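Welcome! Take a moment to look at the structure below, and then we will walk through it together.

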Amino acid sequence: MIASKIIRVCAGTSKRLGRIFKVCRVDTIMMNKAAELLARSRFAVAFTGAGISAESGIPTFRGFNGLWKHYRPEELATPEAFRRNPELVWEFYRWRMGLIGKAKPNRAHLALAELEKMGVIKAVITQNVDDLHREAGSRRLIELHGNIFRVRCTSCAYRENLKDSGRLESFLREEKLPSCPICGSLLRPDVVWFGEPLPVNALDEAFRLAERSDLILVIGTSGIVYPAAYIPRIVKDRGGMVIEINTEESGITPIVDIFLMGKAGEIMNELVKRIGELMK
Ligand code: OAD
Ligand code: ZN
């Protein structure tokens with residue numbers, strides 16, 4: 001049992017062609033241990049954040065070059081901002097929808113979908129709105145913060161998934177404010193903004209999954225936005241293991257059993273291979 005003992009990967013540096021490259025080498029022993037724990041788990045779930053989509057070219061929220069370094073959340077991602085200036089908020093969301101619409105799932109998304117097919121991962125709980133887990137083939141997916149390709153009416157129950165309805169491209173070309181085809185009111189992105197509650201059903205399901213999990217694989221999240229950040233803590237409090245993949249330490253790191261430092265795509269690619277070998 002290695003619980004409560006954090007195993008870390010050390011990062012070194014190497015000089016090549018006069019430039020300094022940071023080498024984040026994940027130790028083979030740790031990687032094997034993580035693979036073993038996942039292969040042996042009874043009910044493992046994944047919990048993901050913006051870092052898993054970084055290698056797909058989608059900016060994260062915090063950290064170097066993070067989205068919130070360039071845009072102020074209170075001006076763009078709050079209900080007050082939307083009431084004050086819906087044109088600005090829609091301009092921002094149309095830009096993000098366009099950017100995310102071009103992105104493809106990376107090896108980390110694909111590896112998680114593969115692990116679900118293998119029966120290792122039972123569900124993916126994500127804070128991301130980018131739809132890349134679904135595109136990668138994840139089936140049991142809980143989206144805690146909504147989905148950027150869905151719009152909903154600010155007055156009635158109308159909801160539309162612009163990818164499914166085939167209207168995404170024309171929607172992005174339009175410049176006027178989008179209105180509801182049923183009642184004519186303003187449409188808004190179906191995502192959770194700062195200060196808004198999370199969708200009750202998604203949060204309930206995520207908490208229920210966490211309560212029955214014996215292992216959670218946390219990938220690419222700063223782990224500081226609540227209530228989502230409770231999820232790994234629930235697993236830990238109930239005696240489950242926490243494995244984290246991140247390029248740096250996060251708010252979750254103090255409770256992890258195994259910390260794999262590095263890029264999600266690279267580490268997940270390796271991890272899924274090792275789990276495959278163990279399960280042969
Ligand atoms: P953050 O931007 O806060 O954190 C991204 C995390 O990913 C950081 O810990 C990075 O170190 C890590 N990271 C970056 N690149 C990585 C890579 N290639 N591989 C692995 N890890 C990498 O994003 P979230 O934690 O998802 O909420 O943010 C949580 C919530 O805050 C978001 O869902 C959003 C935001 O405000 C809402 O919109 C409601
Ligand atoms: Zn309506």
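## The zinc site

The site of the zinc ion (ligand 2) is tetrahedral, with angles of 100 to 119° among its four donor atoms. For comparison, the ideal angle for four tetrahedral donors is 109.5 degrees.

Which atoms coordinate the zinc ion (ligand 2)? They are the SG atoms of Cys153, Cys156, Cys180 and Cys183, at 2.2 to 2.3 Å. A donor here is an N, O or S atom within 2.8 Å of the metal (3.2 Å for Na, K and Ca); water is not among the atoms, so sites may look incomplete. Along the chain, the donors of the zinc ion follow the spacing C-x2-C-x23-C-x2-C.

Cys156 counts as partly exposed because its relative accessibility is 27%. Cys183, at 39% relative accessibility, also counts as partly exposed. Partly exposed lies between buried (under 20% relative accessible area) and exposed (over 50%), using a 1.4 Å probe and protein chains only.

## About this model

This is a predicted model: local features need pLDDT of at least 70, side-chain atom pairs count only at pLDDT 80 or more, and totals for chains, interfaces and linings use all residues. Residues are numbered from 1 along each chain as its sequence is written, chains are lettered from A and ligands numbered from 1 in the order in which they are written, and side-chain values use heavy atoms, leaving out hydrogens and water.

Notes. Tetrahedral: all angles 85-135°; square planar, octahedral: opposite > 155°, others 65-115°.
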